[in-house]
Amino acid sequence: MATPKSKIKFPTSADSPFEDGYDIAGERDALKDLVEAEEPDEKDPRWERFIDLLEREERLRQEQANRQQRQYADPIVPDHEARALKAIGSLVADETDVMAIHTKEAYRLFIGRTRDESPRGYGITSGKKVAAVLRSIWNLSANDNPYADWILVQVTDRVGELRQQLEHAGKHFQDDLDKLQARGLRVSVLKSRAPVEVELGFRSPYGYMIVDLILDFDWYARVVKTMVQKNRLGDIEGKEDLYLMTKRIRALFESTLPYQKYLLREELRQLSRSDFLPGASDEARKRVEAAGGIFGEVPQPIFTGEVRPRHSRRRADVSEAEMRLLVDVAQGKVDAAGSDLNQENTLL
């Protein structure tokens, strides 16, 4: 005769999902042999507890599936309203974004120049290409790739530094123009009679980061040319100022190319932080060794996620246990095989 479920004894837990406090994890441990058996023994005196466990697990699965279908909405919300969340389309702009550029120097940085067409045999990597490279790296961040994070952080910092330099230098020149006005000479910053308007179709925030840099340089070039025309700078000084700033931006653009060249190769495309965890596959270890040989070791704050890119497609964070392992790996306490290096050193 079956025992009433109300009479079945079971372990309880304060964080149980059941009203009666049923500890499903504790019961699974207690009935581990039945749970893992290919053909559980129906004559086992714990059989009714085992059946109760299976029923409760199935109930939790159904409840989880229902909550997921309802998009985890408040219970007061009707099903049709909750499920409508998935029907909402992605956001789109009513109009195309447009960038207006006034100087040839800034526009050249944006469109680049092939090596064959360069008077000195040096090509110019375009801002558009850099934006495409950064978008590819941004996409890699969705795979929890620590090198993608590192690259995005580095490039963002360098762009920020260049924009600060442009702002500081431009403000210095602007202050000179303001002093002229205080003396009675009102001048305005030069602008093009026909600026080029470029439609922007960038699909990552890093494309717009490059746009900000190009626009800052365009403004800077206009201010420098104004200073030359108003006799505040000589011709050679003006050209040198523009050349030096252009050189810094071009160096940044050029530095992004190897990232795409290597990280997007089939051998490294699947690289993720899980590759660094103990017990990773041989293929994962090969990816880690190859990336480390090319780019060096990822700084610990970035590797552990303490420092993150301004924009990332990473969605799922690692568990606390995995994070502790990642920190140990980053600090050299644990190797990829899971061995405690400190203990090994002690034994040696």
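This is a predicted model: local features need pLDDT of at least 70, side-chain atom pairs count only at pLDDT 80 or more; totals for chains, interfaces and linings use all residues.
Gly296, which has a positive phi near 90 degrees, follows helix 11. Residues are numbered from 1 along each chain as its sequence is written, and side-chain values use heavy atoms, with hydrogens and water left out.

Helix 11 (residues 282-295) has 14 residues, helices being DSSP runs of H or I with at least four residues, numbered from the N terminus. Its buried residues are Ala284, Arg287, Val288, Ala291 and Phe295, where buried means under 20% relative accessible area and exposed over 50%, with a 1.4 Å probe and protein chains only. Because these residues cover an arc of only 100 degrees around the axis, they lie on the same side of helix 11, the arc being that of the directions from the helix axis to the C-beta atoms. On the other side of helix 11, Asp282, Lys286, Glu289 and Gly293 are exposed.

The largest nonpolar core has 61 residues, and Ile137, Tyr147, Ile214 and Tyr220 have the most contacts inside it; such a core is a set of buried Ala, Val, Leu, Ile, Met, Phe, Trp, Tyr and Cys residues joined through side-chain atoms within 4.5 Å. Helix 7 (residues 146-182) contributes the largest share of this core, 14 residues. A second, separate core of seven residues includes Tyr22, Ile24, Leu31 and Leu34.

Definitions and conventions: Helices (H or I, at least four residues) and strands (E, at least two) are DSSP runs, numbered from the N terminus. The expected span of a helix is 1.5 Å times one less than its number of residues.
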